[in-house]
Amino acid sequence: MSSIKGNKLEEQDPRPLQPTPGLMEGNKLEEQDASPPQPTPGLMKGDKREEQGLGPEPAAPQQPTAEEEALIEFHRSYRELFEFFCNNTTIHGAIRLVCSQHNRMKTAFWAVLWLCTFGMMYWQFGLLFGEYFSYPVSLNINLNSDKLVFPAVTICTLNPYRYPEIKEELEELDRITQQTLFDLYKYDSSATLVAGSRGRRDLRGTLLHPLQRLRVPPPLHGARQARSAASSVRDNNPQVDWKDWKIGFQLCNQNKSDCFYQTYSSGVDAVREWYRFHYINILSRLPETLPSLEEDTLGNFIFACRFNQVSCNQANYSHFHHPVYGNCYTFNDKNNSNLWMSSMPGVNNGLSLMLRTEQNDFIPLLSTVTGARVMVHGQDEPAFMDDGGFNLRPGVETSISMRKEALDRLGGDYGDCTKNGSDVPVKNLYPSKYTQQVCIHSCFQENMIKECGCAYIFYPRPQKVEYCDYRKHSSWGYCYYKLQADFSSDHLGCFTKCRKPCSVTSYQLSAGYSRWPSVTSQEWVFEMLLRQNNYTINNKRNGVAKVNIFFKELNYKTNSESPSVTMVTLLSNLGSQWSLWFGSSVLSVVEMAELIFDLLVITFLLLLRRFRSRYWSPGRGDRGAQEVASTQASSPPSHFCPHPTSLYLSQLGPAPSPALTAPPPAYATLGPCPSPGGSAGASSTAYPLGGP
């Protein structure tokens, strides 16, 4: 028999005994069972203290739960995750979304404000990233001062040379040109063009592509009347006949199915271009190996040469022949063993040349100017006399001052430039470094060889490729002029393919002119030239010229490009925007990344749970029922009092296995068990489990 400590069984409440919800495990029993104490399942340390009577009992510790601390834990819901983030993040304003949750207006206000701030910040982020990925550059200008390498200087005679190997063919071309001028303009040029003419005879039929006069159709009557009405001054003179025709020559393709006229409004341009076209065909017949031009040595063209007050020698220049500009000489090129250096600026510390500019009348129809042509360029660059040269006037001293400039471009994403031309889809045909002009000329020559089957004589040719000659390539003229039109309109893509080099060195030139020699000094100057250089010419002033090329100053400008927005600048700007809108740091970004990761994990787990409940629940339910059926019921504790209904059911016999359910809490199990009949009076005797 056992009783609850402190409760008197003699005086019982007439009401039925109710379970005491607040009764704790620490209450001691007044009367112990006579049988030896059995171990009670679930007996806590506090029970032992009550049995020993060791004073007041402290609060019982919490029962261990099924949850144990794991290495990685995730939140059970989005709400729990959001509240945890807002309470613990270092981002300003996020905690206001939680602390003001009892005031919906404030919560909505801070939510809208937080989202707007978040959007503004990422809008600024988009602008910053857009600026970074546009790859802007800044131009840095540096002024340097040092000794400078003197550039290469190429100077030409402007007298195309009559090679002995093609002398007869050129004379035949001159006679045909003489007759053409007489037929078209009634002009007899025998005394000017060809000495010792054989008489005028029909030679035009022997030459392909003769020069012709073409009638131009008159404009429409309405257009002519409108043009006359717009004029404020009436022209009473009759219409001049020469305005209604042009000069040109016909060019046809291989099978003569397509022809066109290459026409010019100026007779001078037409005759010169027509003569040049036939001269190119004749010049292409020259053998590849030619003897040196002994009769036109450097002394016959250049009377005097000085650099830095020191006379030049033959090792300081190289020679080549240009089809139009004649014999050319390049000073201080890459073949020079000792490149010239300028340690001081000024006219006396540069290159000074005294030139012979008289016209020897080698090919007067091809060269219509007198003087010389000069070009300043780098040592590793070819001399494109058509592109960058300018003419020197006879009887004039030309002083050319130079100023060096260097440009370094950024390649890659920052600019469309190439370092050495290796990534340009055009083969370099010149024995020099890559430049844009080199690439453009090489591109045209490649298309010329591909479309016309021969090489243009003005540009280098690959091996085993012949220069164009209408005796071997009858339609090359038709192909060339068509190709030239496509080249000028960039239909060939040469200007697109040929990118600018990343590193460029250029020279800014400025020229000054003065009469040379002067009136008072011309007598002794010409006399000295006569005695030393055998200079004899009637019009002496038109036969000489002088040129001075020097550095204006040794200060040179270097223009270099640098990225305007680097990665460091981008990160700094992003951090400034983040601090402006949220007042946080890089660790706050990590918190945002953690939040996004947790959201993804929770979403994945929820989807996985839904998938398992939909497709795996039936199988798992059958297996769980079998496990429950095979599980033996554990024996109840000694102080467990069964419900009267359970006693009655136990007497009736075995019952089917019930479902696995949790029994309701029995708070009165520690007291005397009520009678099976459920009488109001309570007995102090506890019934055994089998019956009263």
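Analyst: First, a term: two strands pair if DSSP finds at least two bridges between them, and strands are DSSP runs (E, at least two residues), numbered from the N terminus. This is a predicted model, where local features need pLDDT of at least 70, side-chain atom pairs count only at pLDDT 80 or more, and totals for chains, interfaces and linings use all residues. Residues are numbered from 1 along each chain as its sequence is written, and side-chain values use heavy atoms, with hydrogens and water left out.
User: Great. How many bridges join strand 9 to strand 10?
Analyst: Six, and the two strands run antiparallel. A hairpin of three residues links them, and His322 has Gly326 in strand 10 as its bridge partner.
User: What order do the strands take in the sheet?
Analyst: The order is 9-10-3-13-14, an open sheet of five strands with antiparallel pairing. Strand 9 (317-322) and strand 14 (390-392) are the edges, each pairing on one side only.
User: And strand 3 with strand 13, how many bridges there?
Analyst: Five, between residues 152-156 and residues 372-377, again antiparallel. Ala152 has His377 as its bridge partner in strand 13.
User: Switching to side chains: is Asn327 buried or exposed?
Analyst: Asn327 is buried, because its relative accessible area is 0% (buried means under 20%, exposed over 50%, partly exposed in between, with a 1.4 Å probe and protein chains only). Asn327 belongs to strand 10 (residues 326-331).
User: Which side chain does Asn327 join in a polar contact?
Analyst: That of His319, at 3.3 Å. A polar contact is a pair of N or O atoms within 3.5 Å; within protein, one must be able to donate a hydrogen and the other to accept it, and residues adjacent in sequence count only if both atoms are side-chain atoms.

Terms used: Helix = DSSP H or I, 4+ residues; strand = E, 2+ residues; numbered from the N terminus.
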